[in-house]
Amino acid sequence: MMEDYDVVIVGAGIAGAILAKVLTQGGRSVLLLEAGTATAMTWDGYLSNLNSFYTALAKVPESPYPYNPDAPQPDVLAIGIPGSGYFVQDGPVAYGSTYTRTAGGTTLHWLGTCLRMLPEDFELRSRFGVGRDWPFAYGDLRDDYGLAEMEIGVAAEVEEQEYLGITFPKGYVYPMHKIPQSWSDQVLGQVIDGRSVDLDGRPRELKVRSTPQGRNSIPNANYRYPKGREPRDGQDRGYRPVGAVDPRPRGQDLARDLGQRCAGNSACVPICPIQAKYNALKTLVHADGDRLTVRTQAVASRVLADPAGGRILGIEYKAYESPNSPAYTTQVARGRVYVLAAHAVENAKLLLASNLAGTSGQLGRNLMDHPVLLRWGLMPEPVGSFRGPLSTSGIEDLRGGEFRAARAAFRVEVGNDGWTWPTGSPESEVLQAVGQGNLFGSRLRAQLRETLSRQIRLGFLVEQLPDPANRVTIDPQYRDAIGNFRPVIQYGLSDYTLAGMGAGTMLAERLFQWLGMADRTNAAQSLLSQITWRNQLFLWGGAGHFAGTHVMGSTPASSVVDSWQRCWDHENLFAVGCGSFPTMGTSNPTLTLAATTFRTARAILKDLEAYAPASGSAPTGEERRP
Amino acid sequence: MADEAPDLRTFIDLSVVLTGFSEVELLGTGMAALYYGTVRGAVGEGVMGDLLATFRAVSHGGGDLETAMRTRILGDPRLGQVARNLITLWYVGNWYEMSQLWRDAYGISPSDVTRVVSAESYQQGLMWAAGETHPQGAHQPGFGTWALPPARSSS
């Protein structure tokens, strides 16, 4: 059989980009199939995304990235509206998160939070008797976390990130110094830092802690690149931030000249106007262009396997010429190793559509998110809301402990964007003041001046355990414009998670009292999802942290992929990304996703040692070589 | 269209009263002429003409301006909603479709569609200045500025 490439990867998001970079730099030819368009890959295309954001009425995470019927994506505005949107929501609760299908993936509108998982997060079953264990420990992933922090360009200080068992190698520093904490973080910290709450029968001290973030800050001169990962100048000392990217030769200058520091645009989600925040295109542009073929507008529709033995023979994909037309041609991509890096939902959907990887019965199951309990209020004095990256601090001290046997842990994200998320402020405040407040002129202006700068929002990211009943399935009656399956989602929040929301609610009430903050949490002014538990109404939204659909484990009977993210049923097929997470703890998952991807890249390079490099010759069609 | 100039002049004077921003601040946005056309297109020349004529009478009539504004413009069934929409247009940069009751009573224009008027109108929304900040995604204030106290902080 003709093998055109060493590796065929489905999905040009962060996992696909890291693999494309590491594998091509390792001398291997890669074909990267991307379902969506390549708009953001060029700087002028990226600016068109920015313009779409400016002119979008609802500035939801997807707003800069136009809907594409040939590679549809979920939409925040459709959540909870039966019969609308890409997801077929089968309940009992509507899954509250979205992702984006275009080159660069959801990193185009991620927040950039780069917390490591706690060591105990990898051992939930053995330590607390709930959830699942990971097939490896924190210590096994620690160096890969370092690679992920290098690749993303994480800004933080080690001394602030050593808590609840998180350790770093001796002498390690983050690539960049921490992003300055916002003034409102500092005001909250003055009140909260050093105070304690009871946890597991003992006082647990709280701190408004700087969040590690994938956005450019002041490079740490003491940073040392890992061996073999030095930038092109060969110098291993001192981190070199990567700014905005464009694959054209002159475009490379942008990385040096634009987006070298976060400039406080306060729009990390949906779009950083200067690419000071990491996105996967920064990684992709550094792949070896001679060995990488990127084929966009190519939607993987089926994985083809040898019925005897299960080896993967190719990936069938539908190539469409225009998002405005359902016309497509069906083609097959062939390689030695295949990687699905298309997103937790898309990976599961593709394997289900191919009737593969089914031995454990876990495929598509254990879907998780971080349901985010939102609480918002008005500080007694102006704190400078609506300034800076959307979040620069969190309260992380309650992420771990023995209580996890009984209820979910959470972290607290401290927002810098007022009530934008829960209420659509400041627009909603204007409409309210004019429409119901009947204010105009200088009194209107004074009212907004008085209130907007005092708005604070806290988000409690609550852990969700892997539950086989929370799942992605497919149904022949639900298909998109070019005949691919739409995901059918069954989803609910367990008592374990709801009890975590309850604990979050009680903490919120306490923090508001300490701060003298008027609680303005109000269902009537919010489009958030609602759920009532023990007579308490929770207002919550999704975090965008899809996980668990092709769970990783130590036996083929209980998991879909092994510890290297290789499908137990198919030796030359890997399914990577958050879909492999057995549990997600309380950390935003992208950093851990990136770390596990570096781990998988090593396994693939090792697999390929038996082979001479394939030609990587490109068949006809639209090609892009970053 | 030279005869637009006096009306645009009145439109700006009206906008100053409705928004609480000075003429210099409003002209500084560069949006006045576009917004004049936006409102006129959405509600028609007749309503626009009456709004401006009424405002001329109000502003030259002496007496308490706020009372006169509320009585003759903001409380007027035909002009009030237009004036409120003009406020939100300046503050947000969006035109919001007139209510169905208003459209039933005073007519429907194909330009009366809820929308962000332009990429620039979003960035020039007065709500950001009112909140003493910058539009999300534009007019970047620079690295680390968010760590400083806001102008009026007592801390």
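Modeller: A:Leu378 has A:Ala518 as its bridge partner in β18(A). This is a predicted model. The strand that holds A:Leu378 is β12(A), residues 372-378. β12(A) and β18(A), residues 518-519, pair in the antiparallel sense over 2 bridges.

Now take the other neighbours of β12(A). Strand β15 of chain A, residues 455-462, is joined to β12(A) by 7 bridges, and the two run antiparallel. There, A:Leu373 stands opposite A:Phe460. Strand β20 of chain A, residues 536-541, also pairs with β12(A), in the antiparallel sense and over 2 bridges.

How many of the 7 residues of β12(A) are buried? The count is 7 of 7, so the strand is largely enclosed by the rest of the structure. Side chains in a regular strand alternate between the two faces of the sheet. Both faces of β12(A) are covered. One side carries A:Val372, A:Leu374, A:Trp376 and A:Leu378, all buried. The other carries A:Leu373, A:Arg375 and A:Gly377, buried as well.

Next, some other strand pairings in chain A. Strand β17(A), residues 488-491, is joined to β3(A), residues 88-92, by 3 bridges, and these two run parallel. β17(A) also pairs with β16(A), residues 471-473, in the antiparallel sense over 3 bridges. A:Ile489 of β17(A) takes part in both pairings: A:Gln89 has A:Ile489 as its bridge partner, and so does A:Val472.

There is also an open sheet of 5 strands in chain A, in the order β7-β2-β1-β11-β21, with parallel pairing. Its edge strands are β7 (292-295) and β21, each pairing on one side only. From one strand to the next, the twist averages 15 degrees. Within this sheet, β1(A), residues 5-10, and β11(A), residues 335-340, pair in the parallel sense over 5 bridges. A:Ile9 has A:Val339 as its bridge partner in β11(A).

A:Pro589 sits in the loop between β21 (573-575) and α14 (590-607) of chain A. Is A:Pro589 buried or exposed? A:Pro589 is buried, with 25 other C-beta atoms within 10 Å. Leaving aside residues up to four places away in sequence, A:Pro589 touches A:His545, A:Ala547, A:Cys578, A:Phe581 and A:Met584. A:Leu115 is 474 residues from A:Pro589 in sequence, yet the two are 7.9 Å apart in space, C-alpha to C-alpha.

Last, the partner chain. 42 residues of chain B are in contact with 43 residues of chain A. On the chain B side, α1 (4-19), α5, β2 (115-116), α7 (119-123) and α8 (126-130) each supply at least two residues. Helix α5(B) gives the most, with 5 residues. By class, that side divides into 20 nonpolar, 18 polar and 4 charged residues.

Helix α5(B), residues 80-92, packs with α11(A), residues 427-435, at an angle of about 160 degrees, with the axes 10 Å apart. The two helices are therefore roughly antiparallel to each other. Their crossing is right-handed. From α11(A), the contact uses A:Glu427, A:Val430, A:Leu431, A:Val434 and A:Gly435. From α5(B), it uses B:Arg84, B:Ile87, B:Thr88, B:Tyr91 and B:Val92. The contact has 6 nonpolar, 2 polar and 2 charged residues.

Notes
Residues numbered from 1 in each chain as written. Chains lettered and ligands numbered in written order. Predicted model: local features only at pLDDT ≥ 70, side-chain atom pairs only at ≥ 80, totals over all residues. Axes fitted to C-alpha atoms, helices over the stretch in contact; angles between N-to-C directions. Helix = DSSP H or I, 4+ residues; strand = E, 2+ residues; numbered from the N terminus. Parallel < 35°, antiparallel > 145°, perpendicular 65-115°, else oblique. Left-handed = near helix turned anticlockwise from the far one by under 90°. Contact = placed C-beta atoms within 7 Å. Nonpolar A, V, L, I, M, F, W, Y, C, P; charged D, E, K, R; others polar. Buried ≥ 20, exposed ≤ 12 C-beta atoms within 10 Å, placed from the backbone. Pairing = 2+ DSSP bridges.
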